[in-house]
Amino acid sequence: MGSVWEKDVARVSFDLLEGDKHTDVLIVGGGIAGVLCAYVLRNAGIDCMLVEVGRICGGITKDTTAKITLSHGLIYHKLSVRYGDDTARLYLEAQKHAGSEYGRLCRDVQCDYEIKDSYVYSLDDRKKIEEEITILNRLGVDAEYSDGEALPFRVSGAVRVRDQAQFNPLKFIFNVAKDIPIYEKTKVLELLPYKAVTNRGTISYEKMIVATHFPILNKHGAYFLKMYQHRSYVLALEGAEDVGGMYVDECDTGLSFRNYGDLLLLGGGGHRTGKPGGGWNELERLADKYYSGARIRERWATQDCMTLDGVPYVGQYSKNTPDVFVVTGFNKWGMTNAMISAHILYDLVRGKDNPYAEVFSPSRSILHTQLAVNAFESIVGLLTPTAPRCPHMGCALKYNRAEHSWDCPCHGSRFGEDGEVINNPATDDKRIKNS
């Protein structure tokens, strides 16, 4: 079991940290966000270093469906209603800038980069689609209505945005990462002011960027309340029709479609981590219904950090940590958001203004309905008397039969049956059998 990207790439290895080091900017976390931060800083001549507990892109990045698009569900209408057109426009400009950067970089990188149209569809609410098209048109995007004719079922309509892109994320990252000072299998054990203690030495720094998917510094920022994690699943089908573009349901638990070579990547079965969901069983039933002649080549699952308002947190980690920065909460749209995050943080670590910083600021208002939901789930998890419990904040773990793991419904940490940590924010293994 593993993503198609892993099957089709020559992995690049990096040294282990040996002894104490100093760097101007320390980046913790070697997914696409961390690597792009290091790439942008390094190319600008800024002294930086990246440490990763395992192998770079060995976590969530390898499990993405790798869509490079400004179409992030129906976010523009939501942002316009909640914050106004100016905020929606800045978010849009940021995504367009990120897409242009990928287009520029991928000209020199063999990473299966392809221009494709992007579609966001609704099964039963044409009004939502029309509202999104209206706001996109008002913001200057030539979005148009589509009936989603390539899908194997009828929809109420779709938002079509032309000339977006898709690629192989691992081929891309391993190319851009090769000249970056990266240390793999280097675990940060403790974060102190201007010093990170690792299992292989101590690193002193002037600035630090935490790019660990879910932030691991619990004392600041209240990210355990400002986010939850959402699990979703993918089947790579051989012998299914080419859908000719990138399709995603506007509903978080809906289906997504894109092709890679001769494979159709069917995504869905999603649920809050630690809660029941459709998983691969749901996808298998749908594949049998809509693509009865297809064969399952690969299957994998992924996990996404979901913020209160659908916009990532990129910027100063908290008001009390002026030289510590964070990038997290991509809401299933990690490709473009990772790229724009790298450019925002490039400015912020130099003390410069960035036009998009306020939109992505982690210190923006938390007064959203989702906050109450997150708080409720945390309280339930803490008060549930069963064992084992998560070492992150003590919530009761739930057994995931589909993936043979112990999952935390509070904050999304996951552990193997042997207790080894799979997904953060937990940083330590859990003694499952002895709990």
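Student: What lies between S13 and S14, and which residue in the turn has a positive phi?

Tutor: S13 and S14 form a hairpin with 2 residues between them. Gly261 in the turn has a positive phi of about 60 degrees. Strands here are DSSP runs of E, at least two residues long, numbered from the N terminus. This is a predicted model: local features need pLDDT of at least 70, side-chain atom pairs count only at pLDDT 80 or more, and totals for chains, interfaces and linings use all residues. Residues are numbered from 1 along each chain as its sequence is written, and side-chain values use heavy atoms, leaving out hydrogens and water.

Student: Why do S13 and S14 count as a pair?

Tutor: Pairing requires at least two bridges found by DSSP between two strands. S13 and S14 are joined by 5 and run antiparallel, so they pair. Ser256 stands opposite Gly267 in S14.

Student: What makes S13 largely enclosed?

Tutor: Buried means under 20% relative accessible area (1.4 Å probe, protein chains only). In S13 (residues 256–260), 5 of the 5 residues are buried, so the rest of the structure largely encloses the strand. Ser256, Arg258 and Tyr260 point one way, Phe257 and Asn259 the other.

Student: Why is Gly269 called buried?

Tutor: Its relative accessibility is 0%, so Gly269 counts as buried. Gly269 lies in S14 (residues 263–272).

Student: Which residues beyond its sequence neighbours does Gly269 contact?

Tutor: Contact means heavy atoms within 4.5 Å. Leaving aside neighbours within four places in sequence, Gly269 touches Arg231, Tyr233, Gly277, Gly278, Gly279, Glu282 and Leu283. Gly269 and Gly279 are 10 residues apart in sequence, with their C-alpha atoms 4.3 Å apart.

Conventions. Helices (H or I, at least four residues) and strands (E, at least two) are DSSP runs, numbered from the N terminus. Buried means under 20% relative accessible area, exposed over 50%, partly exposed in between (1.4 Å probe, protein chains only).
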